[in-house]
Amino acid sequence: MSVRQLFRNVYSQWFMQFIRLVVAFVVTAFVARILGPEGYGIASSIFVFSSVFSFILDPGFARSLIRYVSVYHGSGRDYYPLLAGYLFYKVFIGSLLALVFYLLAPYFAQLVNASNHIFAFQLYALCIFFNSLSSVFMTYLNGVNRIDLAVLYNTVGFIIGEASSLALVLMGFGVIGYVTGFITMSIVVFIIYILKHGGLLIRLVRIPIGNALSGLRIIIPLSLSILATQITYYVYTWLDKFIVLGILGTYGLGIYMVALRFAGIFENVRSSLGSALMPYYGVVFGANGLDALRGRVFRVSRLLSATFMPLLMFLASLSMILIPLIYGDAFANAWGVASAHILYLALMSFVVGYGGIPVILEARKELILSSIITSLGSLGLELSLVYVGLGSLGVVVGRDLAQVLGFMYMYSVLYAKLNLRFDFRSWLRGLLVGFLLFITSLLIVMNTPVLWLLSPMVALLMYVSLAGKLKLICKEDIVLLRSSIPSRFSRIIDLVEEVLT
């Protein structure tokens, strides 16, 4: 397994995500102004209704299949019958749910008082069908550790779809034009997959139906456990919004949602690391077994503690300035909630180093119990902290503490038991550096807010100085960096090695 491919998967997700964010921001700004609150709300309601089918479209099969494809790929076993079973399920359920959504479209439109937009609802059924088929190819590419290709294809389709939506809305087609853009996106992505990986589809179709169903039966047990964790996660993340709305009202919910949206940028970066590590770990486990994973987890946790944790702690300090600057002064109170969540992401950054390992090891019971502990702990802690007067801050802190409890359970019954430990010393050093960056930057922002643009330079100089003294980056990390970065960047790596080691 190429470490360079792992880094390429991570970088491609970050870069393509940035492109999608920029495109979506521009298109949404124009479309929302043209359609107005009512028209944009009607279009958005179509996506809300379609999301109801998400658990049926993918009852944990995708992550389970990524696990099996990556492990089988590493061990040299035949994983195509499993993919054929997944394709069989997707064709059947995708066609069925597309038909159901089409038939229920008039009812959905009436629920939001949009009877004159029934055709737009019906048209979206095509998205359900084509997205269902495309997910087979995307899951395959994730499993064989080519996430970069899947992200590229989806981004190309996204850009074409967003451009189509904007063009059709500007031409006066309104809601139906906006929805047609999403259908265009789905069809374009499917066509790209067919053109690039049509041979895979031919191979899967030729597999006997009996073998395909046997492959589907292999992934079902783990899929059901993943589904249980997904449902639990959905419920408790929905409950925290309900708690904020019910206790703090719409103002409190607005503050809370803006804080989560701001912090979500960094959470997405964190999750992309985990999604890239899962197939990488799967191939390593399939090829060399559990022993090979121990060194990988330890090294990844060290790198995250040395780089990602200090960076996030620094960025948490800037939320006091950035949130009012981006969302307006009315949302200034959201900075404390956002900072608390970003600090949690920083302190628990090493958790990303365990990306997908419970799934790779098929720890079904541990997955379910961890999610139950997290959801129940979240409900209890959120209510308690809100009751003592912490408001939205209490909700986000309660949710984050509950996730810590879920991880502690998983660590005690699985990771520590299998000697899959993280680098605690590097975590302490990273915490010290991050804390100093956070305090220094916060003092600059609070005392001389007009000079906040200087804080990144101050933080960089502090990090370089402290990283060298505390040996945050070691020679092994530099060797790993050299193996993952193209040789044309060797001078940059030499500079990093000279400054930080």
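Trainee: Is Leu97 buried or exposed, and at what relative accessibility?

Mentor: Leu97 counts as buried, because its relative accessibility is 6%. (Buried means under 20% relative accessible area, exposed over 50%, partly exposed in between, with a 1.4 Å probe and protein chains only.) Keep in mind that this is a predicted model, where local features need pLDDT of at least 70, side-chain atom pairs count only at pLDDT 80 or more, and totals for chains, interfaces and linings use all residues. Residues are numbered from 1 along each chain as its sequence is written, and side-chain values use heavy atoms, leaving out hydrogens and water.

Leu97 sits in helix α4, residues 80–111. Leu97 then contacts Phe53, Ile56, Leu57 and Ile128. (Contact means heavy atoms within 4.5 Å.) Take Ile128 from that list. In sequence, 31 residues separate Leu97 from Ile128. In space, their C-alpha atoms are 7.3 Å apart.

Now step to helix α6, which covers residues 125–143. Helix α6 has 19 residues. From first C-alpha to last, α6 reaches 28 Å, close to the 27 Å expected at 1.5 Å a residue. (The expected span is 1.5 Å times one less than the number of residues.) Of the 19 residues of α6, 15 are buried, so the helix is largely enclosed by the rest of the structure. After α6 comes Asn145, with a positive phi near 65 degrees.

One partner of α6 is helix α8, residues 174–205. Their axes come within 8 Å and cross at roughly 45 degrees. (Axes are lines fitted to C-alpha atoms, for helices over the stretch in contact; angles run from 0 to 180 degrees between N-to-C directions.) That angle makes α6 oblique to α8. (Under 35 degrees is roughly parallel, over 145 roughly antiparallel, 65 to 115 roughly perpendicular, and the rest oblique.) On the α6 side, the contact includes Phe130, Leu133, Phe137 and Leu141. On the α8 side, it includes Phe182, Phe190, Tyr193 and Leu201. The contact of α6 with α8 divides into 19 nonpolar residues, 4 polar and no charged. (Ala, Val, Leu, Ile, Met, Phe, Trp, Tyr, Cys and Pro count as nonpolar, Asp, Glu, Lys and Arg as charged, and the others, Gly among them, as polar.)

Now compare another helix pair. Helix α13 spans residues 364–387 and helix α14 spans residues 391–415. They pack at an angle of about 150 degrees, with axes 7 Å apart. Therefore α13 and α14 are roughly antiparallel to each other. By class, their contact has 14 nonpolar, 9 polar and 3 charged residues. With 24 residues, α13 reaches 35 Å from its first C-alpha to its last. Buried residues of α13 include Leu367, Ser370, Thr374, Gly377 and Leu385. Two charged names, Glu366 and Glu382, are also among the buried residues of α13. Gly389 follows α13 and has a positive phi, near 100 degrees.

The loops beside this pair carry backbone details. Glu362 lies in the loop between α12 (357–360) and α13. Its phi is near 55 degrees, a positive value in a residue other than glycine. Glu362 is partly exposed, with a relative accessible area of 28%. Asn419 is in the loop between α14 and α15 (424–447). Asn419 also has a positive phi, about 60 degrees, although it is not a glycine. At a relative accessible area of 41%, Asn419 is partly exposed. Most residues other than glycine have a negative phi.

Ser225, in helix α9 (residues 209–288), counts as buried at 5% relative accessibility. Beyond four places in sequence, Ser225 touches Arg364 and Ile368. Thr155, in helix α7 (residues 147–170), counts as buried at 2%. Leaving aside neighbours within four places, Thr155 contacts Met16, Ile19 and Arg20.

Finally, the whole chain. It has 18 helices and 0 strands. Buried residues make up 52% of its 501 residues. Among contacts with a separation of 6 or more, 82% join residues 24 or more positions apart.

Notes
Helices (H or I, at least four residues) and strands (E, at least two) are DSSP runs, numbered from the N terminus.
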